[in-house]
Amino acid sequence: MGTEPVGPRGGPPPRLAVVGAGPAGLAAALAAAGRGVHVTMIDSAEAPGGQFYRQPAAALGARRPQALHHQWRTWRRLRDGLERHLAAGNITHLPEHHVWCVERHSGGTPGQRPSDAPGGFAVHALLGPGQEEPVEVRADAVVLATGGYEKVLPFPGWTLPGVVTAGGAQAMLKGRLVVSGRTAVVAGTGPLLLPVATGLAAAGVRVAALVESADPKALVRRAGTLTGRVDKLAEGAGYAVELLRRRVRTLVRHTVVEAHGTDRLEAVTVAALDAEGRVRTGGERRIPCDTLAVGHGMVPHTDLAESLGCRLDADGMSVAVDDEQRTDVPGVWAAGEATGIGGAALSLAEGHVAGRSAAARLGGREPDPREWAAAAASRTRLREFFAALDTVYVPPAHWAEQVTDDTVVCRCEEVTAGAVREAVGELGAGDVRTVKLLTRAGMGWCQGRMCGPAVAGLAGCAETVARRPFARPVPLGVLARAGETGEPGGPPVE
C-alpha cells in the first residue's frame, strides 16, 4: 500500500489535487497515494476511467464489458489499486465535478515551495449534471490530467442528425451500449478511426466504409521509428484483420465531401484525393448510411494550465513539461493528452512519472529518476512513435475548398463559412481573434473548441489555443460566491 501518510515534518500528509480520472490522472493518483500523499481526484464523469476506459453504467447490466476494451487487464489493475486507496482513505474521488478554474494562492517568502506557502492551490468546480453547486478543493500541488477533445472539420451537411464525432460514437457504445444507427460510415483521419469502426462492427452495426484521408503507405518511410513500438503496430494490425474479417470496405486517400438528408442523415458522398490533398474530379461515390462517425484528430485541453500561466510548447497547442512532467509554474504538474496527444499507454507513463515526482517534492526531497526509469523509457519511445504518426495522419491540405459558403462552421452562433470568408476578404481580418469579433465565431457555449480549427483554416491563419479565464461557462452566482465554500471532507476555506 506504500508509506504511511505522514508529512515531511511528522504532521498531516501533503495534499495533491489531480484534475482528471483518465489513464494519466489514475496513474498519477495511485503513484502519489502510494508514497504518503493524500490525493483528491476530481473528474467530470460519473466513474473513473476517462474516455479510454469508459465503462457501461452498472444499471445496464453489461455481461462482458471487457469486449469493448483491448487493455482490460491494465484497467483492472488501475481499478483495484484505486479501490484499495479509497478504502484506506489515501484517495478521495470526486465524480461529476466540473473544474472551471485552478487558483494559485500567493503567500510565503520568495523561493518558498507552494506546499510551504499559505493556501497553496484552490481548485474550483461545479457539482452535478446541472453544474450549479460550487465546490472548492484546497491542495498543496496540482496534477493537470485534463485530456483532450476531438477536432472535426466542417463539410456540407455535417450538422445533420446522425453525424457524430468518432469519439462520440465510441462513448455512446462504451458508456451506454447504444449506437446511433444501423449502417455507418467512419471517416476522417487518425488511429482512432480503427477502434471506432471495429467497435461498431462488433456491436452489430453494418460499417459500410472506413474512409481515411491519409495514405498509410507513408508509414513505411518512418519504419525505423515505428518498429520501436511493435505492440502498437500489432494493435493496428489486429484492427485491420478484424475489419477484413467483417468485410468492411476501407478507402484510403479519400474524404467525405458532403452529407445528405432532410430530417436526418441518409447518405454521404466520398471522393478520392490527389497527391496534393485536393478532391479528384469524377472520383465521387455516394454511400447510403444513417450514421457518420467523423474525426480529424485530437486537440490537447490546456485551459486550466493556461489560466495558471503555464507555458505551452513551441507548437502553441500543448502544455510544456520537463522530464518530471513539471510545468514552469511551481507546484503544477501536467500529464497525458494535455501535454500532447499520444494515447492511453503514453498517458499512463506520464501520469506515473508526475505522481512520483509530486510525491517526492511534496515530501521535501529531491526525486530519484531511477524510481520511474521504466516509465520514462516507455514515455520516450511512445512520444517518438506518435510524433511519427502525426506527420502521416493530417487532414487533407485543401479541405476548406469543399466547404460551401452556406455551411455552418460555428454551431453555437450559427456562423457560416461565407461570413468567415467575408470577414477576411472584405473586412480585412488577419487573425482568428478579429474574425471572432466580426462574426461571433467562437463566442458560444464551447468557446471555439469545436469551430476554432475550422475558422483558422478558412481564414488562412495559424491554429492556436484561445486563452480563456475559465475552462467552462460559470453562473454569475457561483462567481459571486467563490471562496465561501469548503473542501469536501476537509477544513473550511479561509
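1. Contact here means heavy atoms within 4.5 Å of each other. Keep that in mind while going through this model, which is a predicted one.

2. Start with Ala 335. You'll find Ala 335 in the loop that runs between strand E18 (332-334) and helix H8 (343-362). Its relative accessibility is 1%, so Ala 335 counts as buried. What is Ala 335 in contact with, leaving aside its neighbours within four places in sequence? The list is Ala 24, Leu 144, Ala 145, Gln 325, Glu 350, Gly 351 and Ala 354.

3. Next, the largest nonpolar core, which has 30 residues. Among those with the most contacts inside this core are Leu 16, Val 37, Met 41 and Val 143. At least two residues each come from strand E1 (15-19), helix H1 (23-33), strand E2 (38-42), helix H2 (72-88), strand E7 (141-144) and H8. H1 gives the largest share, eight residues.

4. Last, Thr 255, which sits in strand E13 (residues 254-261). Is Thr 255 buried or exposed? Buried, because its relative accessible area is 14% and the cut-off for buried is under 20%. Beyond residues up to four places away in sequence, Thr 255 touches Val 211, Thr 269, Val 270, Ala 271, Leu 273, Val 279 and Pro 396.

Technical notes
Residues numbered from 1 in each chain as written. Predicted model: local features only at pLDDT ≥ 70, side-chain atom pairs only at ≥ 80, totals over all residues. Heavy atoms only, no water. Helix = DSSP H or I, 4+ residues; strand = E, 2+ residues; numbered from the N terminus. Buried < 20%, exposed > 50% of the residue type's maximum accessible area, 1.4 Å probe, protein only. Core = buried A, V, L, I, M, F, W, Y, C linked by side-chain atoms within 4.5 Å.
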